[in-house]
Amino acid sequence: MSSSESGPVEDLPAVAPQLRALRRRASLTLEVAARAAGLSPAHLSRLETGQRQPSLPMLLALARIYGTTVSELLGETVGDRDAVVRAADMEPAGAGGWTYWQAGAGGRAMQALRVHVPYGTQGDVVRVHPGEEWLYVLKGRLRLRLGDTTHLLGPGDSAHFDSLTPHRLAAADHDGAELLFLHTLLQSPAATLCLGPATGHPTMGDTP
């Protein structure tokens, strides 16, 4: 994924066992899951064996494909699917330079996150997948590319779009950007047939 994946993320919990178990629970082969996420099978295999650590965008993509949440991929649990998430319970997690906080309970059809996007990451990664995304800029400025159009969003600006539209996010300022982020999760493995990188764009593939 270029510069955001120059090495393993030390503070990310070991996700390898969960990645493999959830892929199998979704009845997906390594090849099908990798293609849906825009990864090579070899790269996904290294993620599942703990030889590589995924970035947050990869975790989001895999969560959609497996019909689950990032918190479940990380082995986290939310007791009794509480409707209220207290600020004191929102522990930060890091992946690929991104920082995120769970802003909603797991096991739902949507996932809510508060996300810090650092400067200079994901600028060359285009994502395409079924569903919808909504984001609201809390701090900083965000470059959002939708199809062939780039939007510069500041605090208080929001976007709501069909995520089959090729899209990418990048912080416009050196201090990064902080967002509220909401996205739908895939509930059927059959929907992964619609997933894949945008033609002619870089993907979340195998990187040095």
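In strand β2, Trp98 is the bridge partner of Ala95. Strand β1 (residues 93-95) and β2 pair in the antiparallel sense over 3 bridges, where two strands count as paired if DSSP finds at least two bridges between them. The model is predicted: local features need pLDDT of at least 70, side-chain atom pairs count only at pLDDT 80 or more, and totals for chains, interfaces and linings use all residues. Residues are numbered from 1 along each chain as its sequence is written, and side-chain values use heavy atoms, with hydrogens and water left out.

**Overall architecture**

- The chain holds 5 helices and 9 strands; helices (H or I, at least four residues) and strands (E, at least two) are DSSP runs, numbered from the N terminus.
- Along the sequence, the pattern reads α-α-α-α-α-β-β-β-β-β-β-β-β-β.
- Of the 208 residues in the chain, 46% are buried; buried means under 20% relative accessible area, exposed over 50%, and partly exposed in between (1.4 Å probe, protein chains only).
- Among contacts between residues at least 6 apart in sequence, 71% join residues at least 24 apart, a contact being heavy atoms within 4.5 Å.

- Strand β2 (residues 98-102) is mostly covered, with 4 of its 5 residues buried.
- Strand β2 is also joined to strand β3 (residues 110-117) by 4 bridges, and the two run antiparallel.
- Within that pairing, Gln102 stands opposite Leu113 in β3.
- Strand β4 (residues 132-139) pairs with β7 in the antiparallel sense over 5 bridges, and the bridge partner of Tyr136 in β7 is Ser158.
- Strand β7 (residues 158-162) has a covered face formed by Ala159 and Phe161, and an uncovered face formed by Ser158, His160 and Asp162.
- In a regular strand, side chains alternate between the two faces of the sheet.

**The open sheet of β6, β5 and β8**

- Three strands form an open sheet in the order β6-β5-β8, with antiparallel pairing.
- Strands β6 (149-153) and β8 (167-171) stand at the edges with a single partner strand each, so one side of each is left without a neighbour in the sheet.
- Neighbouring strands of this sheet are turned by 20° against each other on average, direction ignored; the strand axes are lines fitted to C-alpha atoms, for helices over the stretch in contact, and angles run from 0 to 180 degrees between N-to-C directions.
- Strand β5 (residues 142-146) pairs with β8 in the antiparallel sense over 5 bridges, and Leu144 stands opposite Leu169 in β8.

**Helix α1**

- Ala16, Leu19, Leu22 and Arg23 are buried in helix α1 (residues 16-25).
- These residues cover an arc of only 140° around the axis, which puts them on the same side of α1; the arc is that of the directions from the helix axis to the C-beta atoms.
- The face turned away from this buried side carries the exposed residues Pro17, Arg24 and Arg25.
- The cover over the buried residues of α1 includes α2 (30-37), α3 (41-48), α4 (56-66) and α5 (70-73).
- Helix α1 is followed by Ser27, whose phi is positive, near 60°.

**Helix α3**

- The buried residues of α3 are His43, Leu44, Leu47 and Glu48.
- Seen down the axis of α3, these residues fall within an arc of 140°, so they line one face of the helix.
- The cover over the buried residues of α3 includes α1, α2 and α4.
- Ser45 also lies in helix α3, and Ser45 is partly exposed, with a relative accessible area of 27%.
- The C-alpha atoms of Ser45 and Ala16 are separated by 9.2 Å, although the two residues lie 29 residues apart along the chain.
- Helix α3 is followed by Gly50, whose phi is positive, near 80°.

**The largest nonpolar core**

- Leu44, Tyr66 and Leu135 touch the most other members among the 43 residues of the largest nonpolar core, which is a set of buried Ala, Val, Leu, Ile, Met, Phe, Trp, Tyr and Cys residues joined through side-chain atoms within 4.5 Å.
- Helix α4 gives the most to this core, with 8 residues.
- Domain 1 (12-72) and domain 2 (85-188) both give residues to the core, so it lies between them; the domain bounds come from an automatic or database domain assignment.
- Not counting residues up to four places away in sequence, Tyr66 touches residues including Leu19, Leu22, Arg23, Leu44, Glu48 and Leu73.
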